[in-house]
Amino acid sequence: MSPKRKPKTYDPTDLIEAVNSLPNPMIDVKHKLSIFIEGNARSNQTRVEHIVDYSHDLKVRDILSIPEGIRNYFAYKKDPTYKNTFNFYIVRKGQDKGFIKVSIRIDDNNPQRAWVKTIFIAYKIK
C-alpha cells in the first residue's frame, strides 16, 4: 500500500474564487439540463470546499474550462454506483494528462435540473 500524499502548503483561495465565478446554472443543451453548484457536500464542509480539496488535483484553469467543457464534453456516462448520477468527462487543457470528471445528480422531481456532486481529475473513463 502506498503512503498517502501530504499536502504541501496548499492555499485553495484561487480555486474557491474560480468555482464561485462559474455561471449558475451551467446549461447542457444536449441533455436539456440546468446544472447548479450549491448545497452541502457533507455535514462539515460546503460543496465548494469539497470541490477544491487538495486530493482532487484541480487547477484554476481546469475549473474555468468546465462551462465550455459541459457543452463540448468528451464522454457522458451514467455512474454505475449511484442512482440518478451522471459523469461528464472533459479533456484538460495544456500539458496535463487525464480528464476533468464532473459528477452531477439529476433532481428526482424535475429531470431538467441537476446539481454538481463533485469535480476531480480522472485518468480512466468508467
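Valine 91 has phenylalanine 99, in strand 7, as its bridge partner. The model is predicted, with local features requiring pLDDT of at least 70 and side-chain atom pairs pLDDT 80 or more, while totals for chains, interfaces and linings use all residues. Residues are numbered from 1 along each chain as its sequence is written, and side-chain values use heavy atoms, without hydrogens and water.

Strands are DSSP runs of E with at least two residues, helices are runs of H or I with at least four, and both are numbered from the N terminus. Two strands count as paired if DSSP finds at least two bridges between them. Strand 6 (residues 85-91) and strand 7 (residues 99-106) are joined in the antiparallel sense by seven bridges. Both belong to an open sheet of six strands, ordered 1-2-8-7-6-5, with mixed pairing. Strand 1 (26-28) and strand 5 (75-78) are the edge strands, each pairing on one side only.

Aromatic pairs were assigned to rings of Phe, Tyr and Trp (its six-membered ring) with centres within 6.5 Å; planes under 30 degrees apart are stacked, over 60 edge-to-face, and the rest tilted. Six such pairs were counted. The rings of tyrosine 73 and phenylalanine 88 are edge-to-face, because their planes stand at 65 degrees, with the centres 5.4 Å apart. Tyrosine 73 is in the loop between helix 4 (66-71) and strand 5, and phenylalanine 88 is in strand 6, so the pair ties together parts 15 residues apart in sequence. Both tyrosine 73 and phenylalanine 88 are buried (under 20% relative accessible area, 1.4 Å probe, protein chains only). One aromatic cluster is formed by Tyr73, Tyr76, Phe86 and Phe88.

Key: Buried < 20%, exposed > 50% of the residue type's maximum accessible area, 1.4 Å probe, protein only.
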